[in-house]
Amino acid sequence: MIRKLLVANRGEIARRVFATCRALGVETVAVHSDADADAPFVAEADHAVRLPGNTPAETYLRIDLILDAARRTGADAVHPGYGFLAENAEFAAAVTDAGLTWVGPPAKAIAAMGDKMAAKALLAEAGVPMLPTWTDADEITDFPVLVKASAGGGGRGMRVVRDAAALTEAVASARREAAGAFGDGTVFVERYVERGRHVEVQVFGDTHGTVVALGVRDCSIQRRHQKVVEEAPGVLPVEVRERLHAAAVAAGRAVDYVGAGTVEFLLAPDGEIYFLEMNTRLQVEHPVTELTTGLDLVRLQLIVAEGGALPVAATPPAQGHAIEVRLCAEDPAQGYRPATGILHRFALPGVTAEFGPLAGPGLRLDSGVADGSVVGVHYDSMLAKVIAWAPTRTEAARALAGALARTELHGVATNRDLLVRVLRSREFGAVEIDTGFLDRHPEVFAPLLPDDQLPLVALAAALATAAARRADAPVLAGLPSGWRNVPAFPQVTRFAGPGGEIEVRYRLDRSGGLVEWSVSPGAGSAAPADGSRPDTAAPAAGPSPDEAAPADAPPPAVTLVGAYPDRVLLDVDGVRRAYRVHRVSSDVFVDGPDGAASLTELPRFPEPTAELAAGSLVAPLPGAVTRVHVEVGQRVAAGDLLLTLEAMKLEHPVLAPADGVVAELPVAAGGQVDTGAVLAVVNPE
């Protein structure tokens with residue numbers, strides 16, 4: 001019987017395993033890097049051991065350090081979580097050789113499925129359908145194809161190639177990314193199926209010969225071949241579901257599978273299914289299976305690891321519908337660029353359970369972060385998983401979208417708005433989904449906050465900021481915030497906002513009523529956020545008709561109901577609108593009824609700063625320069641690849657913004673750069 005379990009992982013999966021361990025009375029051990037020293041999972045563990053360093057290679061990929069941590073804490077079992085060493089056969093063997101219980105499939109099964117080419121050959125003999133596959137790029141004549149990493153998953157090392165000219169660089173790039181993520185740069189190529197759906201079967205095996213399918217998940221909504229929306233049960237014809245179950249169980253039996261695993265398939269538009277890979281671990285999206293079956297999959301893992309028989313011998317009927325989204329620190333509108341910084345606030349309304357079952361319709365949160373968490377560059381960008389369960393798919397999607405839209409996410413950019421738009425889209429509701437969904441629907445990349453609502457958000461930010469200062473004022477605290485003795489001089493507050501600099505001007509009367517207000521672009525901004533002209537004051541009724549956007553829309557009548565440091569109430573055209581405001585130093589985060597915005601208050605008298613040379617390309621986040629593709633003096637065209645930056649385990653291309661000549665290259669391959677560092681200077685022609 002397992003007494004003390006070490007989780008060789010981090011973040012939300014460590015917390016997820018700890019939750020089941022607490023329920024079962026099993027002690028827990030965390031291992032952590034220096035960057036994770038203050039993370040929630042470390043605080044929740046009964047014991048924690050530091051792994052010196054920050055990068056995965058220094059910490060979570062060090063088998064010797066993890067085994068030493070188990071020895072020092074007296075742990076008698078190891079759970080690998082997912083990612084890092086979870087599908088490393090050498091690690092599984094080392095754990096068992098050390099006399100510890102391995103909570104996962106046998107090393108032999110991991111090795112068999114870890115080599116994806118060998119796995120394809122093995123399972124093809126077992127009758128599992130396959131796509132055409134190549135290991136020699138010179139043999140490929142039909143496109144499009146998909147380059148894939150042989151040793152791992154999660155979308156890393158994957159590239160879609162549509163013509164022969166792009167194949168060589170795609171293979172090389174995939175090899176680098178796979179080597180960095182999994183320590184193995186082996187890749188292969190298989191036929192790419194347009195408009196295919198990514199479906200997968202949760203399987204479980206025990207040492208008594210049982211292998212059972214626990215239902216089908218649909219994970220078709222993906223970015224960069226990484227899942228962002230998952231659901232169970234997959235909306236499929238009964239006949240397709242039965243074929244998937246049978247193929248998955250056959251795959252498990254072919255390798256004498258024990259423990260939790262997932263067999264992934266591609267469902268082609270014609271209804272044919274093709275094996276993609278088998279993940280020999282618990283999946284990120286396992287909560288949707290738990291909520292629709294009533295099973296605790298981590299508990300089943302522990303039962304099987306202790307030699308017990310699975311308490312379920314056949315596929316259980318699905319109850320209701322569950323949808324999960326992966327909330328990530330990234331900017332989808334900027335090519336999913338990862339975001340770093342401090343998560344000042346993470347508040348999700350309506351959560352009824354964390355890391356566990358729901359008593360009825362509601363929301364489950366599996367999070368690796370909390371208020372104050374630091375989001376760095378060393379690990380995956382996922383912050384949390386939010387899962388909704390309801391009797392129907394429509395109800396689950398609506399509840400999940402509503403909760404996400406009301407969530408307060410302050411400090412780092414996230415993909416929240418994209419997730420909400422996907423869940424509310426007609427196509428998602430009609431199950432018109434496939435792996436190319438995001439590529440075909442650019443409208444879901446738009447922020448939730450409409451452009452014409454930004455002026456009201458900026459006004460709320462200015463009023464709350466002034467109210468906070470009045471609340472802290474040592475004298476005359478009773479004066480209305482923003483009141484001026486001379487009406488000709490309104491209160492002026494300047495912000496850096498989503499579209500550039502914003503200037504808010506307003507004037508209050510002696511009673512604190514809003515007399516007039518205007519929002520216009522500040523210095524360096526190209527156009528007003530609300531379509532109004534610069535330096536034009538408007539009455540409290542809002543911008544004048546010729547300044548409104550769109551031109552035929554009447555100006556809103558705005559009345560100030562109340563302004564407080566943390567909230568502002570405005571009456572807009574007879575409708576009361578509440579804005580929640582959170583200030584951290586000069587950063588102002590506003591959550592309103594139409595969406596959220598992050599603003600930064602600008603100093604009234606800014607300090608002079610050095611001006612960047614024209615054509616400078618700066619690092620959007622900290623990272624490592626992996627390759628430099630050009631040299632000083634080289635002529636480039638707009639869109640040409642200049643260099644490659646690696647952060648959060650993914651490669652990010654830096655492209656030429658216009659035709660020109662490379663004037664400066666202050667970085668070299670292998671160098672580390674901070675946010676804002678100049679990577680290259682391209683003089684435009």
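Which residue is the bridge partner of Gly623 in S39? The legend for Figure 1 gives the reply. This is a predicted model, in which local features need pLDDT of at least 70, side-chain atom pairs count only at pLDDT 80 or more, and totals for chains, interfaces and linings use all residues. Residues are numbered from 1 along each chain as its sequence is written, and side-chain values use heavy atoms, with hydrogens and water left out.

Figure 1. Strands here are DSSP runs of E with at least two residues, and helices are runs of H or I with at least four; both are numbered from the N terminus. Two strands pair if DSSP finds at least two bridges between them. S34 covers residues 623-628 and S39 covers residues 672-673. They run antiparallel and are joined by 2 bridges. The bridge partner of Gly623 in S39 is Val673. S34 also runs antiparallel to S36 (residues 641-647), with 4 bridges between them. Here Val628 stands opposite Leu643 of S36.

**Figure 2. An open sheet of 4 strands.** The order is S33-S40-S38-S35, and the pairing is antiparallel. Strand S33 (616-618) and strand S35 (635-636) stand at the edges; each has a single partner strand, so one side of each is left without a neighbour in the sheet. S35 pairs with S38 (residues 660-664) over 2 bridges, in the antiparallel sense. Look for Arg635: its bridge partner in S38 is Val661. In a regular strand, side chains alternate between the two faces of the sheet.

**Figure 3. The hairpin of S28 and S29.** S28 spans residues 558-564, and S29 spans residues 567-572. The two run antiparallel, joined by 6 bridges. They form a hairpin with 2 residues between them. Across the pair, Gly562 stands opposite Leu569 in S29.

**Figure 4. Helices H1 and H10 cross.** H1 covers residues 11-24, and H10 covers residues 297-305. They pack at an angle of about 65°, with their axes 9 Å apart. Axes are lines fitted to C-alpha atoms, for helices over the stretch in contact, and angles run from 0 to 180 degrees between N-to-C directions. That angle makes H1 roughly perpendicular to H10 (65 to 115 degrees; under 35 is roughly parallel, over 145 roughly antiparallel, and the rest oblique). H1 passes H10 in a right-handed crossing. In such a crossing the near helix is turned clockwise from the far one by less than a right angle; anticlockwise makes it left-handed.

Figure 5. A probe the size of a water molecule, rolled over the atoms, shows where empty space is left. On a 1 Å grid over the protein atoms alone, a pocket is an open set of points with protein on both sides within 12 Å along at least five of seven lines; a cavity is a set where a 1.4 Å probe fits but cannot get out; lining residues have an atom within 4 Å of a point. Points are joined across faces, edges and corners, and a volume is the space filled by probe spheres set on them. Elements that give two or more residues include helix H12 (416-424), strand S26 (500-508) and strand S32 (595-601). S32 gives the most, with 5 residues. By class, 28 lining residues are nonpolar, 13 polar and 8 charged. (Nonpolar means Ala, Val, Leu, Ile, Met, Phe, Trp, Tyr, Cys and Pro; charged means Asp, Glu, Lys and Arg; the others, Gly among them, are polar.)

**Figure 6. Two cavities.** The count comes to 2 cavities of 30 Å³ or more. Arg156, Arg223, Asp380 and Met648 are among the residues that line it. Its lining divides into 3 nonpolar, 2 polar and 3 charged residues.

Figure 7. Most residues other than glycine have a negative phi, and most peptide bonds are trans. The bond from Phe143 to Pro144 is cis, with omega near 5°. Pro144 is in the loop between S6 and S7. The bond from Ala232 to Pro233 is also cis, with omega near -5°. Pro233 sits in the loop between S12 and H8. Arg224 is not a glycine, yet has a positive phi of about 50°. Arg224 lies in the loop between S11 and S12.
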